[in-house]
Amino acid sequence: MKRVFIMVLDSFGIGETQDADKFGDVGANTLGHIAMWCDANRKNSDGSKKPLSLPNLSRLGLGKAAEGSCGEFPIGLDKDAKIIGSYGYAQELSSGKDTPSGHWEIAGVPVLFDWGYFANKENSFPTELLDELVREANLPGYLGNCHSSGTVVLDLLGEEHIKTGKPIFYTSADSVFQIACHENTFGLERLYELCELVRVKLTDGGYNIGRVIARPFIGDKAGEFERTGNRHDYAVEPPSATVLQKLVEEKQGEVVSIGKIADIYAHVGITKKIKATGIDALFDASLVEMKLAKDQTIVFTNFVNFDSDFGHRRNIEGYAAALEQFDRRLPEMLALVEDDDMLIITADHGCDPSWHGSDHTREHIPVLIYGPNLPVKNLGLCATFADIGQTVAHYFDTSPMDYGKALFTFS
Ligand SMILES: O=P(O)(O)O[C@H]1O[C@H](CO)[C@@H](O)[C@H]1O
Ligand SMILES: [Mn+2]
Ligand SMILES: [Mn+2]
């Protein structure tokens, strides 16, 4: 039975890439800096040090992959862990350090063109586009129109939004048009409709923007607003067939999306979609689908919370605790990996919570691959995230991907 389980820890980078200077990210290291922070700051109740503890990811080779990536073993992780899988680190060929680029490249399709960006920090969106939106969606106006962190912008403009009914438009260093609206006062369906309109305008207008993101929230006043699990991403389609699409079309296989995966691939090459909110719920859903998975199936989960709740929020302590929570549950997942299966634990970019600003960071991703019948070896540097997609293509014996090299041979 052939099954692949891909777990993306969204934003879990393990050290700067060679081209990090182009992104202002020289020195960024999501895992390394979390580990350093824990070693320096975290204490047990008796006052003793409480370093980062990831024993199960360490058994999959995380510490050694990170050491390969940046030259330093993450402080606190177990250097002597008995390694049970293959481990390495990958650099990104894609031009951006965003979620779709990272995921598409993992599935064998790097983004070699340049996305469009709204580069201006203030008055970020073109006036003619905003005017059209106001007219066609019958809006009383808009708020924001700037670069911002999505939680900061709520504290700043959430109350005014409730009072005026004007949606909050904002963007970031990514190729995104984000819209925050109150679920009750503005209405969730109305927010989705507005996003759909913006998606059409951006595509038809040739803006080349990767995603429109609906950011619904609840609460009554600044400091108490909360974003809900009803976030919805409207992505463009990958430029060519991903390994997901090849498995479905060439082998009549199944691809089960858990969390944001379906949205990220614009629903192309996905046969089943499960939504879940929070690391535990995403983990639970992954276990359920792994148990149900038949031959020729990929179960593909995106753990968005590492990025959205901790990376962008620059919350080092929270990121560390979330990693430990994931790690504690990992034995439940390892127990479901059968003889011919392949479990891949990886990431889509970095988002160093110790870094300036609130954007992603250009980093290597970990490539941790486990299966009872697979080799245990150091994979070293993978020249592209697409090595993962090519490995999966070889494993399922689909037509090969244009990018990446298979990390193993399969008989
Ligand atoms: O600050 P929030 O709203 O979480 O936004 C972040 O989430 C977007 C999608 O990952 C990124 O482009 C970044 O802007
Ligand atoms: Mn991401
Ligand atoms: Mn992000």
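Me: UniProt positions are given in the numbering used here, and its annotations may be inferred rather than shown by experiment. With that in mind, which residues does UniProt list for "domain: Metalloenzyme"?

Reply: The UniProt record, an unreviewed entry, lists residues 2–398 for "domain: Metalloenzyme". What we are looking at is a predicted model, and over residues 2–398 its chain is 37% helix and 18% strand, with the end C-alpha atoms 13 Å apart.

Me: How is the protein divided into domains?

Reply: The domain assignment gives domain 1, made of 3–113 + 239–396, and domain 2, which covers 127–235. The C-alpha centres of domain 1 and domain 2 lie 29 Å apart.

Me: And how many residues of each are in contact with the other domain?

Reply: On the domain 1 side there are 13 residues, and they are in contact with twelve residues of domain 2. By class, the side of domain 1 that touches domain 2 has five charged, five polar and three nonpolar residues.

Me: Switching topic, which residues are listed as "binding site"?

Reply: UniProt, again in an unreviewed entry, lists Asp10, Asp348 and His349 under that heading. Although they span 340 residues in sequence, no two of their C-alpha atoms are more than 7.2 Å apart, so the three gather at one spot.

Me: Where does Asp10 sit, and is it buried or exposed?

Reply: Aspartate 10 is in the loop that runs between strand 1 (3–9) and helix 1 (30–41). It counts as buried because it has 25 C-beta neighbours inside 10 Å, where 20 or more are needed. Leaving aside neighbours within four places in sequence, the contacts of aspartate 10 include Thr99, Asn302, Asp307 and Asp348.

Me: What about Asp348: which loop is it in, and is it buried or exposed?

Reply: Aspartate 348 belongs to the loop between strand 12 (342–346) and strand 13 (365–370), and with 28 other C-beta atoms within 10 Å it is buried. Setting aside neighbours within four places in sequence, aspartate 348 is in contact with Val8, Asp10, Thr99, Gly102, His103, Ile106 and Ile365.

Me: Which residues surround ligand 1?

Reply: Thr99 is one of them, and the others are Ser149, Gly150, Ser172, Asp174, Val176, Gln178, Ile213, Ser308, His312 and Ser358. This shell divides into eight polar, two nonpolar and one charged residue, and it draws at least three residues from each of domain 1 and domain 2.

Me: What is Val367 in contact with, leaving aside its neighbours within four places in sequence?

Reply: Valine 367 is in contact with Ala65, Tyr87, Gly88, Tyr89, Ala90, Thr346, Leu379, Cys382 and Ile388.

Me: Why is helix 13 said to be largely enclosed?

Reply: Helix 13 covers residues 386–396, and ten of its eleven residues are buried, so the rest of the structure largely encloses it.

Key:
Residues numbered from 1 in each chain as written. Chains lettered and ligands numbered in written order. Predicted model: local features only at pLDDT ≥ 70, side-chain atom pairs only at ≥ 80, totals over all residues. Helix = DSSP H or I, 4+ residues; strand = E, 2+ residues; numbered from the N terminus. Buried ≥ 20, exposed ≤ 12 C-beta atoms within 10 Å, placed from the backbone. Contact = placed C-beta atoms within 7 Å. Near = placed C-beta within 6 Å. Nonpolar A, V, L, I, M, F, W, Y, C, P; charged D, E, K, R; others polar. Domains from an automatic or database assignment.
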